[in-house]
Amino acid sequence: MKLLESLRFAFQALTGFRLRSILMVLAMSIGVASVMILTGIGEGARGYVSGQFASLGTHMLIVIPGRTETGGAGAAFTVPDTPRDLTLDDAIALRRSAHVSMVAPVVLGSGLVSAKGRERDIPILGSTRELFTIRHWELSQGTALPEGDLQRDTPVCVLGSKVRKELFGADPVLGEWLRVGDRRMRIIGVLRPGGMSVGVDVDDVVLVPVATAQALFNSPSLFRIMVSATRRESIEPARRFVRDTLRERHQGEEDVTVITQDAVLATFDQILGALTLAVGGIGAISLVVAGILVMNVMLVAVSQRTAEIGLLKALGARRSGILQLFLYEAVLLCLLGAVVGTLVGQAGVWALASTYPQVPVATPLWAWIAGVSVAVVTGVLFGVLPARRAADLDPVTALSRR
Amino acid sequence: MIRLEGIDRIFQVGDQQVHALSQVDLEVGTGEYISIMGPSGSGKSTLLNLLGLLDRPTSGRYFLNDQDVSGLDDARQAYTRRRYIGFVFQFFHLVPRLTAAGNVELPLILDGVAPAERHERVKTSLAEVGLADRAHHRPDQLSGGQRQRVAIARATIMRPQLLLADEPTGNLDQASGADVLKVLEALSDQGIALMVVTHDANIGARAHRAIRMVDGRIVSDRAQ
């Protein structure tokens, strides 16, 4: 029997038992589709996190007050309980390196903000114009925070898009006054809506100059300092420079933590990569379950078609020919399942991607290949047993049944 | 054409040994028309299965065209069945999802015949059994007699030398049984050796040679 004829015969058998075949294809396609969708979500999460970090600027160092390093019992005596605060002077000192392109000190707090009789409690972020560049924030109206002397307290502010809408509605805001805490500030700009940007909702914030924020909260300490290195290669020298400069300024005490974007990103990448594998594995289990289903159904098919197998033998089919027929049937089932599963999976991925446009959901190629090949291998593996049973049937007994 | 020498076939049923055939010797010439009769369990079907290479003798030798075929391997046996032997069964054994033409085509597919030639031969073969207009009907759309004639077309499309029929009319009414028998006899006239196992004395009497079996032995074998 020729290959093509065997395939055709197997295919005819599939279409001959339509309901059974459809159910099998369904089971298989659920397996394949779940592998695709689950890995797609995993990859999407990874892409999303990477994207978020990229929006922070990939050459970035974040300086946080306090030392987050576990030490032995000896170390506990040397590390002070309360770390020294980061100050504006620290931030200014960090500008003095060829490896550093931008420095943005950040003060974070919250306060009552009111305008036109409406009042809200909103996070208030004190920083500089550099932060807009580092974080790739764009303005829908007006200008960013003023450049120049960091120490200057200027009563101006930039609003997040949500704040603007809630306090002013559709009214024009540029040049209007906003009461922040016990001070009045002139509105000079509105941020373009941008969703979440690690930690702070940029839509729901009021931005003021850093010195203004310090005055507002009556505290000279900074929440953190964002430092942008000039190039990717200068991240390490910049990090050393930051550490050394601050140690010098803090009387030889290394009391800050410097996080590089790369390290954080790599960690997240690793975690989310593992997550993708894990959910992909869960999908693969459903594929194996589908494989066992295929085996069951093929076994039933063999006993249902005992007479047919006996007949084929009587007509001169070889043992190997019958083995082939049933194996092809199982593999065809699984292939069909893989094709349908791919379509369903891609449709699911597409639906997810259009529901959550900010998450780049996409099935990685390896998952696609793995899903389809696991489906086919499953077909072969779980098809062998039923096919062998068919091939080994005794034609006399097979034909003696009606 | 066929020579059986001292054929024994012993089945193990539980701890008992059943002699389905004992010391059977038989010669069959080209184009003979033979009926095999006997009570249930006398070994008629076992003999037919052995002749059709579906079963192997426990001992003894089977010569087909002077070649010992009792010890062939699976592939050679399958080849011999395909080329030299045709089967007709009491319950037709048509593949339900295939059309009449599809069923008749099966042996040709198994033999690797090209599609164009297959098509022609199937057409001729169906016409010979008077079913040219039923080629595209599935078995469940055919009457019993028509189904058996499809089965005969399938059994003879490879032009076998030996046609083995196990109760070919056992599942048919009188009229279609007679039709089927006529078709079979016409084939026998064309030089195919026909061996029919039957319970029906009328059919047995129509054959040119009658074999009677009891308890796995041939008790009478005469021309008529």
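This is a predicted model: local features need pLDDT of at least 70, side-chain atom pairs count only at pLDDT 80 or more; totals for chains, interfaces and linings use all residues.
Residues are numbered from 1 along each chain as its sequence is written, chains are lettered from A in the order in which they are written, and side-chain values use heavy atoms, leaving out hydrogens and water.

**The helix pair in chain B**

- α5(B) spans residues 144-156 and α6(B) residues 174-189, and they pack at about 15° with their axes 9 Å apart.
- The two helices are therefore roughly parallel (an angle under 35 degrees).
- On α5(B), the contact (heavy atoms within 4.5 Å) is made by Gly145(B), Gln148(B), Arg149(B), Ile152(B) and Thr156(B).
- α6(B) brings Ser176(B), Val180(B), Val183(B), Leu184(B) and Leu187(B) to this contact.
- By class, five nonpolar, four polar and one charged residues take part.

**Where chain B meets chain A**

- Chain B gives 25 residues to the contact and chain A gives 27.
- Together they bury about 2300 Å² (accessible area lost on being put together, 1.4 Å probe, summed over both), 64% of it on carbon and sulfur atoms.
- His93(B), Arg97(B) and Leu110(B) supply 30% of the area that chain B buries against chain A, more than any other three residues.

**Salt bridges between the chains**

- Two salt bridges (a Lys or Arg side-chain nitrogen within 4 Å of an Asp or Glu carboxyl oxygen) are counted between chain B and chain A.
- Arg97(B) meets Glu308(A) in a salt bridge, at 2.8 Å from N to O.

Notes:
Axes are lines fitted to C-alpha atoms, for helices over the stretch in contact, and angles run from 0 to 180 degrees between N-to-C directions. Helices (H or I, at least four residues) and strands (E, at least two) are DSSP runs, numbered from the N terminus. Angles under 35 degrees count as roughly parallel, over 145 as roughly antiparallel, 65 to 115 as roughly perpendicular and the rest as oblique. Ala, Val, Leu, Ile, Met, Phe, Trp, Tyr, Cys and Pro count as nonpolar, Asp, Glu, Lys and Arg as charged, and the others, Gly among them, as polar. Buried area is the accessible area (1.4 Å probe) that two parts lose on being put together, summed over both.
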